[in-house]
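Subject: Structure for you to look at

Hi,

Here is the structure I promised to pass on. Please open it alongside the notes below.

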Amino acid sequence: MTEQSSTFQRAIETIETLSLNDQEALLELFQKRLIEQRRKILMDEIAEVRQEYAQGQVQFGSVADFMAELDE
């Protein structure tokens with residue numbers, strides 16, 4: 001067993017010792033944190049695209065244009 005899976009298994013076992021209410025609260029907390037992390041990643045990607053657009057690094061074209069460029 002790898003160290004990572006062993007740590008993961010220990011975390012699960014620890015969580016299972018909590019009361020049902022505490023497990024539900026922990027689940028809700030982690031769901032909110034995951035949503036916030038995804039939101040931050042999306043906002044970072046949007047900022048990067050906006051910067052590339054402002055610098056003129058964005059190209060427009062059709063799917064056929066894109067596929068043709070990939071073949072080059």
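D44 and K40 form a salt bridge, with their closest N and O atoms 2.9 Å apart. By salt bridge I mean a side-chain nitrogen of Lys or Arg within 4 Å of a carboxyl oxygen of Asp or Glu. Both residues sit in helix α2, four residues apart, about one turn of the helix. D44 is partly exposed because its relative accessibility is 41%. Here buried means under 20% relative accessible area, exposed over 50%, and partly exposed in between (1.4 Å probe, protein chains only).

Before going on, note that this is a predicted model: local features need pLDDT of at least 70, side-chain atom pairs count only at pLDDT 80 or more, and totals for chains, interfaces and linings use all residues. Residues are numbered from 1 along each chain as its sequence is written, and side-chain values use heavy atoms, leaving out hydrogens and water.

The whole structure holds three salt bridges. Another one pairs E36 with R39, at 2.4 Å between the closest N and O atoms. These two also lie in helix α2, three residues apart, about one turn of the helix. E36 is partly exposed, at 45% relative accessible area. R39 is partly exposed, also at 45%.

K32 and E28 make a salt bridge too, at 3.2 Å from N to O. Helix α2 (residues 20-54) carries both, four residues apart, about one turn of the helix. Helices are DSSP runs (H or I, at least four residues), numbered from the N terminus. E28 is partly exposed, with 44% relative accessible area.

Now the surface. V63, F66, M67 and L70 form a nonpolar patch with about 440 Å² of accessible area together. A patch takes residues with over 30% relative accessible area and no salt bridge; nonpolar side chains (Val, Leu, Ile, Met, Phe, Trp, Tyr) are joined within 5 Å, like charges within 9 Å. Areas come from the Shrake-Rupley method with a 1.4 Å probe. M67 belongs to helix α3 (residues 63-71). M67 counts as partly exposed because its relative accessibility is 44%.

Last, the largest pocket. Its volume is about 150 Å³. A pocket is an open set of points on a 1 Å grid where a 1.4 Å probe fits, with protein on both sides within 12 Å along at least five of seven lines; lining residues have an atom within 4 Å of a point. The lining of the largest pocket is Q59, F60, G61, S62, D65, F66 and E69. These divide into two nonpolar, three polar and two charged residues, with Gly counted as polar.

Best wishes

Methods:
Grid points are joined across faces, edges and corners, and a volume is the space filled by probe spheres set on the points.
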